[in-house]
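Have the sequence and the structure ready.

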Number of protein chains: 2
Amino acid sequence: MAKQDRAIRTRQTILSAAAKVFEKHGYQAATITEILAEAGVTKGALYFHFQSKEELAQGVLGEQDQRLTVSDRACKTQEIVDIIMLHAHRLQTDPMVRAGVRLSLDQQAHDLDRSGPFLNWGEVMTGLLEKAQAQGELLPHILPRETSDVLVGSFAGVQAMSQALSNYQDLALRVCSLLRHLLPNVVLASVLASVDLSPTRGVTVFTELAEDLDSEVGVPVG
Amino acid sequence: MAKQDRAIRTRQTILSAAAKVFEKHGYQAATITEILAEAGVTKGALYFHFQSKEELAQGVLGEQDQRLTVSDRACKTQEIVDIIMLHAHRLQTDPMVRAGVRLSLDQQAHDLDRSGPFLNWGEVMTGLLEKAQAQGELLPHILPRETSDVLVGSFAGVQAMSQALSNYQDLALRVCSLLRHLLPNVVLASVLASVDLSPTRGVTVFTELAEDLDSEVGVPVG
């Protein structure tokens, strides 16, 4: 394994350990000592990648942003739905995504800047809504930035409610319900008619992405 | 002061102290010792009202439910808007409401049942939506229970986003924006046309309630 690959792998190991510890204790109570023990790496290795608990948390928060893409869709409304439903699916299945979302809503993390995920999600959604608007998919009164904020904020709450009431068992249903309430006032009915808004959409998109990755395996790197 | 009044006042003092401590440290890290010190009451007085930290937290969570009413409106859609905007205003101004909302979203409070506020808000909203439906205010496809869940969940997230990005400075604007996205797909346009959805609505309703309370002062009780 090349030196760089090893470094990337170590960084990932540390981030996964940090995600686990932050999810268990919250930001305030988590300690670097416990993250070290969980990761099974040396102190030197950890401090090579992250200088502080805050940097570890920002690393976990930042991992969400790496996962905000799906393949390009002709219909930008479908692409918005797909990113949201995929994120809901990952919340149920990927500890890193779950830890990131929890950190961004951790109101006890006083000295941690938690605005990153909200702002990044906001930018991704604003960009897609602007493309949808340019293609004539949106109703004339929509301001992409405002609608993007509504989508991001309301998603954050619906996932928190699903976590509190069913430990994410009903997440896909709740997110669909949210989108079916919001989108008819954002997107033209003629566009919405051909958008897949079913609760299984997240799994479908996830499978599609996994197949794309599989087909790339075997290509030698570096 | 009658004995009963004193007990009610002591209970309120303890709950206010608990709210302050939970808001500062989160549920997990908060201790009864600190709540005692903050309240300035005896251990006996505290345990007379609350047997455990969990009971204290449920007390704070429950205080939200006492504040879910405004005076009856002829238009039930306006009543729904008013309760939501009043709650937003109280989140900015009332430490007890803020502590309750934070506790209900405290994902580190593993052994605390946080479903209460979601379920109670859900019931209040469902009841009002059913009345609105019976009066013919709603679009024909609306299921009050489902729409209620969307309103409650999305509000929770929009307030969390406002807290993370502006420490609640932009809360009224964000909540209005949410309602202007959701309600046109829930309520008849002809009804919505005469609903006050302005960002200052929360303050207006709060002032109205305070005046109602003032006019009751002076009536001797008990």
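## Helices α5 and α6 of chain A

In this predicted model, A:His87, A:Arg90, A:Leu91, A:Gln92 and A:Thr93 of α5(A) touch A:Pro95, A:Val97, A:Arg98 and A:Val101 of α6(A). Contact means heavy atoms within 4.5 Å. By class, this contact holds 4 nonpolar, 3 polar and 2 charged residues. Ala, Val, Leu, Ile, Met, Phe, Trp, Tyr, Cys and Pro count as nonpolar, Asp, Glu, Lys and Arg as charged, and the others, Gly among them, as polar.

Helix α5 spans residues 76-93 of chain A and helix α6 residues 95-104. Helices (H or I, at least four residues) are DSSP runs, numbered from the N terminus. The two pack at about 100 degrees, with axes 6 Å apart. Axes are lines fitted to C-alpha atoms over the stretch in contact, and angles run from 0 to 180 degrees between N-to-C directions. α5(A) and α6(A) are therefore roughly perpendicular (65 to 115 degrees).

## Helices α5 and α7 of chain A

Helix α7 covers residues 115-134 of chain A. α5(A) and α7(A) pack at about 155 degrees, with axes 8 Å apart. They are therefore roughly antiparallel (over 145 degrees).

From α5(A), the contact residues include A:Ile80, A:Ile83 and A:Ile84. Among those from α7(A) are A:Trp121, A:Leu128 and A:Leu129. This contact has 9 nonpolar, 1 polar and 3 charged residues.

## Pairing of the chains

Chain A superposes on chain B by a rotation of 180 degrees with 0.0 Å of shift along its axis (RMSD 0.0 Å). The two copies are thus related as by a two-fold rotation axis.

## The largest pocket

The largest pocket has a volume of about 300 Å³. A pocket is an open set of points on a 1 Å grid where a 1.4 Å probe fits, with protein on both sides within 12 Å along at least five of seven lines; lining residues have an atom within 4 Å of a point. The volume is the space filled by probe spheres set on the points.

Of 24 lining residues, the closest to the centre are A:His25, A:Gln108, B:His25, B:Asp106 and B:Gln108. The lining divides into 6 nonpolar, 12 polar and 6 charged residues. α1 (3-29) of chain A and α1 (3-29) of chain B each supply at least two of its residues.

## Conventions

Residues are numbered from 1 along each chain as its sequence is written, and chains are lettered from A in the order in which they are written. Local features need pLDDT of at least 70, and side-chain atom pairs 80 or more, while totals for chains, interfaces and linings use all residues; side-chain values use heavy atoms, without hydrogens and water.

Definitions and conventions:
Copies are superposed by least squares on the C-alpha atoms of residues with pLDDT of at least 70 in both. Angles under 35 degrees count as roughly parallel, over 145 as roughly antiparallel, 65 to 115 as roughly perpendicular and the rest as oblique.
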